[in-house]
Amino acid sequence: MPWKQGYTISDEIGMPDADIQWPGGRRCGLSVTVDLSLAGGPEGLTAADLTNSIAVFGMNDGTRQVRDVLRRFGIKATLTVPAAMVNILADTIGEWVADGHEIAAQGLMHEDVSKLSRDEEADRLRLATEMLSDALGARPTGWFSLPRQNDPFSVGTISPNTIDLLIDAGYDYFGNGLADDIPHYWVSDFESAKSLLALPYYYHFDDQFFMMFPRVGTGLENPDTLFANWNAEFDAQYKRGRHFNMTLHPYAVGWCNRLKLLEDFFARLAGVPDLWNPTGRELASYWTETYPAETYLHLEPEIWTDHSDSLS
Amino acid sequence: MGHEHLRADIAALESAATAYGERHEFLTDFACPGEHRIAVNFTCDFDAMLLRRVLGETPLQFARGEFGGRVGIWRLLELFDSHDIKATIFTPGRICELYPKAVRAAATDGHEVADHMWEHRVPKEPDVERAHINKSTAALTALIGHRPTGSRSRHKVGPLIDAGYIYSSHGSAHHLPHYITAEDGVRQLLNIPFHFAIDDAMFFSFAWQGSGNAAQNLTEPDRVLELWWAAFEQQYEQGGYLNICLHPFVSGRALRIEMLDRLITRMKTKPGVWFSTCEDVARHCLDAFPPTGAGGA
């Protein structure tokens with residue numbers, strides 16, 4: 001591209017539809033992210049987040065309901081867990097692992113790290129990785145910073161250092177990239193082309209923005225809109241031969257009519273041929289082997305000129 | 001008696017409204033060229049992450065905008081080309097340093113590339129404002145080979161006229177193109193209207209215009225398709241104008257490209273639709289309905 005630090009994270013032009021190949025000649029990718037975090041806002045998990053009826057539902061009945069639906073339709077998901085919840089949810093996580101789902105990191109407390117110093121953020125990253133590794137018996141390979149319902153933005157919050165720290169910590173992918181609707185490389189250092197694969201995420205396919213959003217009583221209950229978005233994006237991406245990611249929160253989508261929409265959506269997908277349903281790790285591994293950054297990431301030197309009356 | 005100060009307040013309101021209103025000259029006999037009943041301008045505000053940068057937001061907000069530069073703009077160009085429609089790409093000057101290939105491709109495909117502010121803001125200082133207009137104009141000129149003729153911005157009218165612009169495109173003072181008088185009270189610039197109700201960000205962009213979470217209205221494509229179709233039909237029946245404002249980082253998403261494809265296909269079932277660029281509409285108005293000075297001194 002013409003690279004510009006602080007503005008761009010990847011190359012100038014995304015990969016066109018015609019260049020994308022999926023394993024076994026399949027037509028479209030389908031990935032499902034299930035976020036078990038109950039953090040309500042940028043401060044990350046608080047006791048209040050974990051001590052209300054919706055939280056209890058989310059950690060018990062809701063999570064089981066979603067797992068049963070995934071099992072019934074044979075769909076694999078990536079479960080994202082803040083390190084602070086890994087012990088609370090030990091039994092649940094064991095059940096999901098037994099079903100073949102992947103467990104990925106959702107930060108230490110699922111807190112906003114955008115204003116932390118690099119050292120403080122690195123320290124929290126180390127602790128989160130250690131806690132998750134101890135509980136899971138293996139290091140997580142994916143890291144997510146998904147948005148929370150009361151964040152000021154709907155994209156998740158990372159700092160300018162996060163991706164670089166994740167590379168140094170040995171992570172294989174970042175789970176919520178927004179610069180493309182397929183996997184793409186997030187460059188943390190232009191000179192060395194040091195990069196981490198980012199998997200696609202988009203909030204219009206994330207249940208938390210359509211179900212009692214942003215909190216009980218505000219009345220923004222639009223599961224039908226979410227269902228329409230899932231269908232419209234899936235159809236469009238399938239036609240293009242690209243990828244569709246949906247993000248689920250059991251405390252939200254696990255409830256009654258909402259769960260029925262999820263079942264209806266998966267029932268529809270069951271009749272669609274040539275879908276590839278990887279976990280985050282499988283998707284990242286396929287992508288980095290098939291489309292390595294050394295060959296497929298096209299970075300061009302910066303042509304940006306600074307001016308005293310302009311932002312840089 | 002005793003109402004003097006209230007009457008004075010009301011008189012001040014009246015004179016403010018009158019003075020502001022008099023800066024507008026409306027076209028009383030607007031008609032599209034030939035047999036056309038309606039002019040439809042598809043416009044793309046190609047700001048990618050620049051507004052997020054002006055607002056000092058975080059890396060994933062920038063990445064959300066980056067989608068527009070590396071993916072969305074290409075899909076929109078492909079959509080317009082597949083329908084043989086020429087659109088107007090309102091492009092901040094800085095985008096020429098981030099996505100030069102897309103800007104060149106838009107111009108090569110025959111689309112209009114016009115100004116959308118140097119770095120997606122209008123500086124308060126008059127000298128800096130003029131410098132920004134000049135920087136953006138120079139950057140676009142270098143890529144497209146000629147000076148842009150329009151600006152979607154709230155730049156002051158005088159500086160835009162001085163820089164050679166023949167139209168602006170902002171605000172909704174009238175549903176048809178109209179003239180706005182410059183700060184000197186004399187010169188007039190054609191304005192091509194735009195309305196937030198026909199703007200993708202209104203429906204699909206979280207925290208757009210700083211709205212809080214409880215005020216979000218994230219919706220789905222079919223609802224917007226019907227709203228915009230109703231807008232089109234109303235103007236079609238009346239014989240008028242429709243400006244559809246799209247952001248590549250919003251409308252470039254696959255589900256919305258598909259919706260726009262259906263919207264355009266439906267519009268094309270009607271005879272007499274003039275799919276044109278803003279510059280086409282501007283030149284037509286300046287030629288057929290020149291300003292009379294009624295909005296000037």
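**Notes on the predicted model**

1. P250(A) is part of helix 8 of chain A, which covers residues 250-253. The model is predicted, and this applies to every point that follows. P250(A) has 26 C-beta neighbours inside 10 Å and therefore counts as buried, the cut-off for that class being 20 or more. Leaving aside residues up to four places away in sequence, P250(A) touches V34(A), L36(A), G58(A), G62(A), T63(A) and V66(A). From P250(A) to L70(A) the C-alpha distance is 12 Å, while the two are 180 residues apart in sequence.

2. Among the residues that P250(A) touches, G62(A), T63(A) and V66(A) are also listed as buried residues of helix 3 of chain A. The buried set of helix 3 of chain A further includes Q65(A), R67(A), V69(A) and L70(A). Helix 3 of chain A spans residues 61-73, 13 residues in total. From first C-alpha to last, helix 3 of chain A reaches 19 Å, close to the 18 Å expected at 1.5 Å a residue. What follows helix 3 of chain A? The next residue is G74(A), with a positive phi near 65°.

3. How do helix 7 and helix 9 of chain A pack? Their axes are 10 Å apart and the packing angle is about 15°. Since angles under 35 degrees count as roughly parallel, helix 7 of chain A and helix 9 of chain A are therefore roughly parallel to each other. The crossing of helix 7 of chain A past helix 9 of chain A is right-handed. On the helix 7 side, the contact is made by P223(A), F227(A) and W230(A); on the helix 9 side, by N257(A), R258(A), L261(A) and F265(A). Sorted by class, this contact has 5 nonpolar, 1 polar and 1 charged residues.

4. Helix 9 of chain B contributes P221(B), V224(B), L225(B), W228(B), W229(B) and F232(B) to the contact. Helix 11 of chain B contributes L255(B), R256(B), M259(B), R262(B), L263(B), R266(B) and M267(B). The contact of helix 9 of chain B with helix 11 of chain B divides into 10 nonpolar, no polar and 3 charged residues.

5. E237(B) also lies in helix 9 of chain B. Is E237(B) buried or exposed? With 10 C-beta neighbours inside 10 Å, E237(B) counts as exposed, the limit for that class being 12 or fewer. The C-alpha atoms of E237(B) and I38(B) are 8.6 Å apart in space, for 199 residues apart in sequence.

6. The contact between the chains involves 46 residues of chain A and 40 residues of chain B. Helix 7 of chain A, residues 223-240, gives the most to the side of chain A that touches chain B, with 8 residues. That side of chain A divides into 23 nonpolar, 15 polar and 8 charged residues.

7. M212(A) is not a glycine, yet its phi is positive, about 45°. M212(A) counts as buried because it has 20 C-beta neighbours inside 10 Å.

8. In chain B, A48(B) likewise has a positive phi of about 45° although it is not a glycine. A48(B) sits in the loop between strand 2 (38-45) and helix 2 (50-54) of chain B. With 32 C-beta neighbours inside 10 Å, A48(B) counts as buried.

9. T288(A) belongs to helix 10 of chain A, residues 280-290. T288(A) is partly exposed, as 18 other C-beta atoms lie within 10 Å. The C-alpha atoms of T288(A) and D49(A) are separated by 37 Å, and the two residues are 239 residues apart along the chain.

Methods: Residues numbered from 1 in each chain as written. Chains lettered and ligands numbered in written order. Predicted model: local features only at pLDDT ≥ 70, side-chain atom pairs only at ≥ 80, totals over all residues. Contact = placed C-beta atoms within 7 Å. Helix = DSSP H or I, 4+ residues; strand = E, 2+ residues; numbered from the N terminus. Nonpolar A, V, L, I, M, F, W, Y, C, P; charged D, E, K, R; others polar. Expected span 1.5 Å × (residues − 1). Axes fitted to C-alpha atoms, helices over the stretch in contact; angles between N-to-C directions. Parallel < 35°, antiparallel > 145°, perpendicular 65-115°, else oblique. Left-handed = near helix turned anticlockwise from the far one by under 90°.
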